[in-house]
Amino acid sequence: MAQISVPSPADFHVHLRQGKLATLVTPHVREGGFALAYVMPNLKPPITSTAQALAYKAELEAIDPTVEYLMTLYLSPDLMPEEIVKAKEAGIVGVKSYPRGVTTNSDGGIESYEMYYPVFEAMQRVDMVLNLHGEVPSDAATNTHVLNAEPQFLPHLHSLHKAFPNLRIVLEHATTRAAISAVKACGPTVACTITAHHLALTVDDWAGQSFNFCKPVAKFPDDREALREVIWEGHSRFFLGSDSAPHPAHSKATSTPTQGCAAGIYTSPILLPLVAHLLESFGALDKLDGFVSTFGRRFYRRDLGAEQTDRVVLRKVSSIVVESTYGSGEDIVVPFWAGKEIGWKIV
Ligand SMILES: [Zn+2]
């Protein structure tokens with residue numbers, strides 16, 4: 001296959017940041033081949049109201065009006081069922097839950113789900129999507145750490161699905177065979193996003209390499225195999241959410257003993273060619289359409305109409321070397337795969 005075209009690719013999990021960094025990274029959604037961005041709410045302060053979400057959407061549209069932005073709210077004790085109704089009416093699509101302290105800007109995250117049941121009840125009623133960062137916080141007392149934080153979260157997924165069978169839930173950025181099995185075992189209202197970088201990395205790639213460090217961390221080779229397998233089999237409840245999460249290079253490459261490096265991998269500017277490259281590497285290039293466009297769109301009810309012909313064309317090339325940086329000065333960001341080769345190019 002020398003050329004392949006994909007209908008209106010959609011990235012169902014992306015961090016577009018704010019201020020100067022947003023100005024740099026928002027146009028990279030389109031540059032990376034994508035027409036739709038499902039926008040995460042973990043800003044400073046987090047997006048907890050309809051008004052904030054709409055203001056942020058306007059900010060993003062002012063930067064690049066060619067992308068469709070689907071907005072989300074940050075689950076916190078401030079979020080009330082009445083706000084859910086208001087958000088739905090304003091076109092906001094989902095609510096993102098972060099367990100406390102597990103990733104970037106998650107200090108206001110949740111500790112227990114029961115207290116949010118009235119909010120989930122309202123979401124189920126008005127048909128909004130619950131997006132789960134599926135990890136529990138590390139805790140020495142229960143032997144919980146970055147490598148088992150996701151499997152230990154999965155009972156929460158099951159109890160939420162059981163309590164709210166009609167609530168659409170997305171387990172975000174799955175990294176383990178256990179998570180893939182857990183989502184498969186759920187009904188049609190539960191889906192799962194998979195990032196590009198977790199199709200490439202394992203623990204060995206981030207231990208000692210801070211630019212490959214993200215949450216959830218990449219796991220074992222067999223886990224990566226499970227992510228690849230579910231795409232290869234074309235399971236329609238598993239689709240792309242890049243979790244592209246830019247951080248200024250200085251916060252990724254820290255060497256101070258008192259400050260750890262930021263968690264996040266930046267894939268937006270190369271996303272579609274990278275995903276094609278990775279799917280090709282494990283014989284799943286024929287599933288590209290489903291994985292980056294139709295499966296996610298169907299779950300989110302953003303199906304393409306027959307009149308929509310916004311196809312992105314990729315051409316096979318001998319090699320393209322990924323840029324080493326984007327931006328300038330303090331705000332330089334380093335993309336995933338920097339300096340390495342990709343075999344596909346957007347034309
Ligand atoms: Zn994320």
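Predicted model: local features only at pLDDT ≥ 70, side-chain atom pairs only at ≥ 80, totals over all residues.
Tutor: Residues are numbered from 1 along each chain as its sequence is written. Local features need pLDDT of at least 70, side-chain atom pairs count only at pLDDT 80 or more, and totals for chains, interfaces and linings use all residues.

Student: Why is H11 called oblique to H12?

Tutor: The axes of helix H11 (residues 271-281) and helix H12 (residues 288-299) cross at roughly 140° and come within 9 Å. Angles under 35 degrees count as roughly parallel, over 145 as roughly antiparallel, 65 to 115 as roughly perpendicular and the rest as oblique. H11 is therefore oblique to H12.

Student: Which residues of H11 and H12 meet?

Tutor: Leu272, Val275, Ala276 and Leu279 in H11 meet Leu288, Phe291 and Val292 in H12; contact requires C-beta atoms, placed from the backbone, within 7 Å.

Student: What makes the contact of H11 with H12 nonpolar, polar or charged?

Tutor: Its residues divide into seven nonpolar, no polar and no charged. Ala, Val, Leu, Ile, Met, Phe, Trp, Tyr, Cys and Pro count as nonpolar, Asp, Glu, Lys and Arg as charged, and the others, Gly among them, as polar.

Student: How do you know that S1 and S11 pair?

Tutor: Two strands pair if DSSP finds at least two bridges between them. Five bridges join S1 to strand S11 (residues 311-321), and the two run antiparallel. Pro7 has Arg311 in S11 as its bridge partner.

Student: What makes S1 and S12 edge strands?

Tutor: The open sheet has the order S1-S11-S12. Strand S1 (3-7) and strand S12 (341-346) each pair on one side only.

Note on methods:
Axes fitted to C-alpha atoms, helices over the stretch in contact; angles between N-to-C directions. Helix = DSSP H or I, 4+ residues; strand = E, 2+ residues; numbered from the N terminus. Contact = placed C-beta atoms within 7 Å.
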